[in-house]
Amino acid sequence: MVKKQRKPVTFRELMIYIVLVLLTCLCLFPFFMLMINATRSHTKIQKGFTFLPGGAIFMNLRNVFHNENLPVLRGTLNSLVIAGGSAALAVYFSSLTAYGLHAYDFRGKKQAFSFILLVMLVPSQVSALGFLREMLALGLRDSFLPLILPAVASPTVVFFMKQYMASAVPLELVSAARIDGANEFYAFNRVIIPIMKPAFAVQGIFAFVASWNNYFMPSLLLDSKMKKTLPILIAQLRSADFLKYDLGQVYMLITIAILPTVIVYLLLSKNIVGGIALGGIKG
């Protein structure tokens, strides 16, 4: 067998690789700094940053989990319930909406899709006051339901799924399922969902991370100590009394908070890249 000779790397390609490596290091440096500071004590952190880990990792862990004002395990469970429920509802029901826009031809279809796009442009802070007053009137203050149920209508997920279906789900496939006697829900659950697994993975991750990192709405709705989420606990720890302020605890708690999202990204990174690439192509 004749071995193919590798083309020599040009100066332009070399510069591109160098820039990419530098950008990668720049993006990863805050995470590296976070991990290092999570292993250092408060006094060592105040002296300045170092590239070498400290020896206070177990002390910081003990201080975080034994802090009476910070129910970390309960806060992690609360965040998992809210983020997991929101992601599941957002992906499934918004995909149903996208399926209706893709598979049906009805009057006002373009206007409905345009309205969904307009809703995407409205920041959540604009409607926060009205939403809060409505939840108070319904007696849902200090409940997880207002943080989970609104995810049923997620304009961003609808838009992405609609674009994905346009490129990956031919209408002939839907018509064939109908001819075979399948109703719409059966066709969606048994025919469409298997095709859209990469898109489900992508939007599930994005919806999970967005809900996991959400601080604004949970801080307005949740009052009970045992119902607060991790972002609220981190904010409480950062705003603690100066004499009791412990940077080691802060960095350790932030590390604990980001580990689930990092693990999810590492496990499903192939689906993220492939799903976004295909979802951005119009059929």
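Where is Asp142 found? Look in the loop between helix H6 (128-138) and helix H7 (145-148). Keep in mind as you look that this is a predicted model.

Asp142 is buried, yet it has no salt bridge. The nearest side chain of opposite charge belongs to Lys227, 4.4 Å away.

Asp142 does have a polar contact, though: its side chain is joined to that of Ser224 at 2.3 Å. Leaving out residues up to four places away in sequence, Asp142 touches Leu221, Leu222, Asp223, Ser224 and Lys227.

## Two salt bridges

A search of the whole structure turns up two salt bridges. In one of them, the side chains of Arg141 and Asp223 meet at 3.4 Å, N to O. This pair links distant parts of the chain, 82 residues apart: Arg141 sits in the loop between H6 and H7, and Asp223 in the loop between helix H12 (216-221) and helix H13 (230-238). Arg141 is partly exposed at 34% relative accessibility, and Asp223 is partly exposed at 43%.

Glu184 and Arg178 also meet through their side chains in a salt bridge, at 2.9 Å, N to O. Glu184 counts as partly exposed, with 24% relative accessibility, and Arg178 is partly exposed too, at 32%.

## A nonpolar patch

Now over to the surface. A nonpolar patch there has about 1,200 Å² of accessible area together, and its members include Phe11, Leu14, Tyr17, Leu20 and Leu26. Tyr17 lies in helix H1 (residues 11-38) and is partly exposed, with a relative accessible area of 49%.

Key
Residues numbered from 1 in each chain as written. Predicted model: local features only at pLDDT ≥ 70, side-chain atom pairs only at ≥ 80, totals over all residues. Heavy atoms only, no water. Helix = DSSP H or I, 4+ residues; strand = E, 2+ residues; numbered from the N terminus. Buried < 20%, exposed > 50% of the residue type's maximum accessible area, 1.4 Å probe, protein only. Lys, Arg positive; Asp, Glu negative; His and termini not counted. Salt bridge = Lys/Arg side-chain N within 4 Å of Asp/Glu carboxyl O. Polar contact = N/O pair within 3.5 Å; in protein donor to acceptor, adjacent residues only side chain to side chain. Contact = heavy atoms within 4.5 Å. Patch = residues over 30% accessible without salt bridge, like charges linked within 9 Å, V, L, I, M, F, W, Y side chains within 5 Å. Areas by Shrake-Rupley, 256 points an atom, 1.4 Å probe, with all protein chains shown as cover.
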